[in-house]
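Have the model open while you read.

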Amino acid sequence: DKGVAVILTSNDQKARLQQVATEANVVESKLGECNIEHVNAEIVLRTINTSDIVMEWFRTTFFWIRVHSNPSYYGYDNLAGDELDTKLHHQADHIIANLVAAECVTMQKNGNLEATRIGKS
């Protein structure tokens, strides 16, 4: 499997980024540190409109790839496979519950999520 990355940067960052790109350093995701903000933004954009789609969205992220490759880095020691997926599903449910409690999101009776005025600001 191969991928291509295009990095746009300023001249003062060029040397540092070239070094990072050519070394064999592992890069970890920072999404886990601020996932509630990202999920809220995706609900505002209507990319996410149900709690099930939160998990679908997570599965498309670099965070998902890295947490399955290095679960202990993200605080999921001794979890793998279905157990890890279950834990991440609970985390997604917790994110939605926190957004609802903060009145950033409402959950309709049919399960649809909608951003509130607070969530959009």
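## Around helix α5

Start with Asn-35: beyond its neighbours within four places in sequence, Asn-35 is in contact with Phe-58, Gln-91 and Ile-95. Keep in mind that this is a predicted model. Asn-35 sits in helix α2, which runs over residues 35–44. With a relative accessibility of 7%, under the 20% cut-off, Asn-35 counts as buried.

Two of those partners, Gln-91 and Ile-95, are among the buried residues of α5.

| Part of α5 | Residues |
|---|---|
| Buried | Leu-84, Leu-88, Gln-91, Ala-92, Ile-95, Ile-96, Leu-99 |
| Exposed, on the other side | Asp-82, Glu-83, His-90, Ala-101 |

Why do the buried ones end up on the same side of α5? They cover an arc of only 140° around the axis. In general, an α-helix has 3.6 residues a turn, so residues three or four places apart point the same way. The cover over the buried residues of α5 includes α2, α3 (51–58), α4 (62–69), β1 (105–107) and β2 (113–115).

After α5 comes Glu-103, with a positive phi near 60°.

Now, how does α4 pack on α5? The angle is about 135° and the axes are 11 Å apart, so the two helices are oblique to each other. The crossing of α4 past α5 is right-handed. On the α4 side, Phe-63, Trp-64, Val-67 and His-68 meet Leu-84, Asp-85 and Leu-88 of α5.

Key: Residues are numbered from 1 along each chain as its sequence is written. This is a predicted model: local features need pLDDT of at least 70, side-chain atom pairs count only at pLDDT 80 or more; totals for chains, interfaces and linings use all residues. Side-chain values use heavy atoms; hydrogens and water are left out. Helices (H or I, at least four residues) and strands (E, at least two) are DSSP runs, numbered from the N terminus. Buried means under 20% relative accessible area, exposed over 50%, partly exposed in between (1.4 Å probe, protein chains only). Contact means heavy atoms within 4.5 Å. The arc is that of the directions from the helix axis to the C-beta atoms. Axes are lines fitted to C-alpha atoms, for helices over the stretch in contact, and angles run from 0 to 180 degrees between N-to-C directions. Angles under 35 degrees count as roughly parallel, over 145 as roughly antiparallel, 65 to 115 as roughly perpendicular and the rest as oblique. A crossing is left-handed if the near helix is turned anticlockwise from the far one by less than a right angle, and right-handed if clockwise.
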